[in-house]
Amino acid sequence: EPCEGLRHLTQVTVNDEVASRIRNGQRGRIADPGSASEALVAVTCGSDLLAMATLDEGVLRPRKVFPA
C-alpha cells in the first residue's frame, strides 16, 4: 500500500476534478476542510496516492506530486 509510509499524515480524499489539478501541480479547493489547516497531508483519489500537500483554509497546495 503506497500510503503506508505516510500513515502519520492526515489523509485528504479529493474528487476527480481536484485530483486533476493536483496531478498537474496546481492548487485545489476541498469542499469540507474540517480542521482549519494542516502543515502536510497525504492527498488521495480513490485508492491512488496523488501527492503530499499543505492544507490551508480548504486549499491544497501540492509539495510533492507522485507519478500516476
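The structure is a predicted model, in which local features need pLDDT of at least 70 and side-chain atom pairs count only at pLDDT 80 or more, while totals for chains, interfaces and linings use all residues. Residues are numbered from 1 along each chain as its sequence is written, and side-chain values use heavy atoms, with hydrogens and water left out.

**The parts list**

- The chain has one helix and five strands; these are DSSP runs numbered from the N terminus, with helices being H or I of at least four residues and strands being E of at least two.

- Strands of a sheet pair through backbone hydrogen bonds, either parallel or antiparallel.
- Here the five strands form an open sheet with mixed pairing, in the order β1-β3-β4-β5-β2; two strands count as paired if DSSP finds at least two bridges between them.
- β1 and β2 (28–29) sit at the edges with a single partner strand each, so one side of each has no neighbour in the sheet.
- Helix α1 (residues 16–23) packs on this sheet and touches β2, β3, β4 and β5 (59–65), its direction making about 85 degrees with that of β4; such angles run from 0 to 180 degrees between N-to-C directions, using axes fitted to C-alpha atoms, for helices over the stretch in contact.

- β1 (residues 10–13) and β3 (residues 37–45) run parallel and are joined by four bridges; on β3, V41 is the bridge partner of T10, and T44 is the partner of T13.
- β3 and β4 (residues 48–56) run antiparallel, with seven bridges between them, and C45 stands opposite D48.
- Two residues lie between the strands in the β3–β4 hairpin, where G46 has a positive phi near 65 degrees.
- β4 also pairs with β5 in the antiparallel sense, over six bridges, one of which can be found by looking for A53 and its partner P62.
- The β4–β5 hairpin has two residues between its strands as well, and E57 takes a positive phi near 50 degrees there.

**What is tucked inside**

- In soluble globular proteins, nonpolar side chains tend to be buried together.
- A nonpolar core is a set of buried Ala, Val, Leu, Ile, Met, Phe, Trp, Tyr and Cys residues joined through side-chain atoms within 4.5 Å; the largest one here has 14 residues, of which V12, V14, I22, V41, V43, L50 and L60 touch the most other members.
- α1, β3 and β4 are the elements that give two or more residues to this core, and the largest share, four residues, comes from β4.
- Apart from that core lies another, of five residues, including L6, L9, L49 and M52.
- β4 is mostly covered, with seven of its nine residues buried.
- Leaving aside neighbours within four places in sequence, L60 is in contact (heavy atoms within 4.5 Å) with residues including V12, I22, V41, V43 and A53.

Terms used: Buried < 20%, exposed > 50% of the residue type's maximum accessible area, 1.4 Å probe, protein only.
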